[in-house]
Amino acid sequence: MRRSGHADLPLHGGRVPAWLADRMTRLGTAISESVLLHYGPSELLSRLSDPFWFQALGSVMGMDWHSSGITTSVVGALKRGLNPQAHELGIYICGGRGKHSRKTPDELRAVAEKTGLNGDELVRTSRLTARIDNNAIVDGFQIYLHAFVLTAGGEWAVIQQGLNDQAGLARRYHWHSATVRDFTCEPHTGIAGSHQGEIMNLVDAAARPAQNALLDISHQTPEVTIRDLCLAMPAHHDVRAEDVDLKRLGAVLAVAYERDLHDFASLLLLEKLGPRTLQSLALIAEVVHGAPVRFSDPARFSFAHGGKDGHPFPVPLKTYDASLSVLRTALDSAKTGDQEKLDGMRRLDQFVRAVEERHQPEADFEAIIRHEHDISASLGGRTVMDDRRARAQLRQLNLF
């Protein structure tokens, strides 16, 4: 069992506003396409089944960096963006939250008809993963989101999330077919959630007669298994210095704002870019090309496009759109045989890592937060609170 992470995911209400949802769909799709082009579908599934990478992806897309909403919003964005290109990309996303999760069997059978895969076997797998996490592991969380990501070759990943209303927390479970030899032995790639004390685990070997496919989690007690998972997302909503690897963030900021480094980085991308766009692109490049060990601080990736609730700063729409334009242009060029622009993203990631290693810059956390807030208005900074204030003002005007 490859335990990929342990995270507290505080429950957050509300919806993703349309102005962000559309951008999340386009950026999530572009990042996924980049991973597919460089590394193939198996690698994309491997990353989606890694709780650290998944959290970083949601952060770089402008969602709240630590909340349970990342799961729903990222799954929804990827489904909207990738499914229309499923035949071309060879990636299909089925299921989702609530009523969408109940459509998973029909969606899987439809994919099976197109690809020649065994639809009944896929449906069985989907149901087993849901039942194991919902019924076999009695940890106080009830599954409300089930997403099944499938390749044309039959490889799959499952992302599901459970709710514990009483604790005000969510727990995310990750599966990857490449690591599942037997559903009765070590199927998960990761479980992300907070430790809730003693739980009953029906996936123990002693329970095998009771159910067909139950898992024995490393022949350990549930307490040891949960404690082994190492990503702990804090309850505080604001991003703090202790949430971020300041040396890694410092390298990104140095490349963006130090003139010599900035000019060389722009040359790598064959673009003339402003520092703020380069900052975002460097973090996007790391999501596409970074090694798994580099996602231990998902909060750092919120410094690409902020967060919808204003943490660490409002979403800079002009920068977001500029990042999307550069990445989409590179992808479109690559599809016509010109890989130069897209390869520039990989070179940018390598350059930032070289700066980090050789110069070891450290970000002045408070200074960068102040700077981002100072330039927010000029970059079209926006939060969900702006939308609420606008609606409240409209209601007041309607009284007269």
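# Exercises on a predicted protein model

The model is predicted: local features need pLDDT of at least 70, side-chain atom pairs count only at pLDDT 80 or more, and totals for chains, interfaces and linings use all residues. Residues are numbered from 1 along each chain as its sequence is written, and side-chain values use heavy atoms, with hydrogens and water left out.

## Exercise 1: Overall content

Task. State the secondary structure content of the protein and the share of contacts that join residues at least 24 apart.

Solution. 
1. Helices (H or I, at least four residues) and strands (E, at least two) are DSSP runs, numbered from the N terminus. The protein has 17 helices and ten strands.
2. A contact means heavy atoms within 4.5 Å. Among contacts between residues at least 6 apart in sequence, 69% join residues at least 24 apart.

## Exercise 2: The surroundings of strand 6

Task. Determine which strands are joined to strand 6, and whether its faces are covered or open.

Solution. 
1. Two strands pair if DSSP finds at least two bridges between them. Strand 5 (residues 156-164) is joined to strand 6 by eight bridges, and the two run antiparallel.
2. Strand 1 (residues 9-10) is also antiparallel to strand 6, with two bridges.
3. Leu-169 of strand 6 is the bridge partner of Asn-164 and also of Pro-10.
4. Strands 5 and 6 form a hairpin with four residues between them, and Gly-168 in the turn has a positive phi of about 70°.
5. On one side of strand 6, Leu-169, Arg-171, Tyr-173 and Trp-175 are buried; on the other, Ala-170, Arg-172, His-174 and His-176 are buried, which leaves both faces covered.
6. Eight of the eight residues of strand 6 (residues 169-176) are buried, so the strand is largely enclosed by the rest of the structure.

## Exercise 3: The crossing of helices 10 and 12

Task. Describe the geometry with which helix 10 and helix 12 cross and the residues through which they meet.

Solution. 
1. Axes are lines fitted to C-alpha atoms, for helices over the stretch in contact, and angles run from 0 to 180 degrees between N-to-C directions. The axes of helix 10 (residues 246-257) and helix 12 (residues 275-289) come within 8 Å and cross at roughly 145°.
2. From helix 10, Val-252, Leu-253, Val-255, Ala-256 and Tyr-257 take part; from helix 12, Pro-275, Arg-276, Leu-278, Gln-279, Ala-282 and Leu-283.
3. This contact comprises nine nonpolar, one polar and one charged residues, where Ala, Val, Leu, Ile, Met, Phe, Trp, Tyr, Cys and Pro count as nonpolar, Asp, Glu, Lys and Arg as charged, and the others, Gly among them, as polar.

## Exercise 4: Salt bridges

Task. Give the number of salt bridges in the model, and locate the pairs formed by Glu-43, Asp-64 and Glu-286.

Solution. 
1. A salt bridge is a side-chain nitrogen of Lys or Arg within 4 Å of a carboxyl oxygen of Asp or Glu. The count comes to 26 salt bridges.
2. Glu-43 pairs with Arg-47 at 2.9 Å, N to O. Both lie in helix 2 (residues 41-48), four residues apart, about one turn of the helix.
3. Glu-43 is partly exposed at 28% relative accessibility, whereas Arg-47 is buried at 7%.
4. Asp-64 forms a salt bridge with Lys-308, with the closest N and O atoms 3.3 Å apart. This pair links distant parts of the chain, 244 residues apart: Asp-64 is in the loop between helix 3 (51-60) and helix 4 (69-82), and Lys-308 in the loop between helix 13 (302-305) and strand 9 (315-316). Asp-64 and Lys-308 are both buried.
5. Glu-286 and Arg-294 form a salt bridge with a closest N to O distance of 2.8 Å, and both are buried. They belong to a network of salt bridges that also links Asp-245, Arg-248, Asp-297, Arg-300 and Glu-356.

## Exercise 5: Backbone exceptions

Solution. 
1. Most residues other than glycine have a negative phi, and most peptide bonds are trans.
2. Leu-270 lies in the loop between helix 11 (259-269) and helix 12 and is partly exposed at 44% relative accessibility.
3. Gln-360 is in the loop between helix 15 (340-359) and helix 16 (365-375) and is exposed, with a relative accessible area of 51%.

Terms used. Buried < 20%, exposed > 50% of the residue type's maximum accessible area, 1.4 Å probe, protein only.
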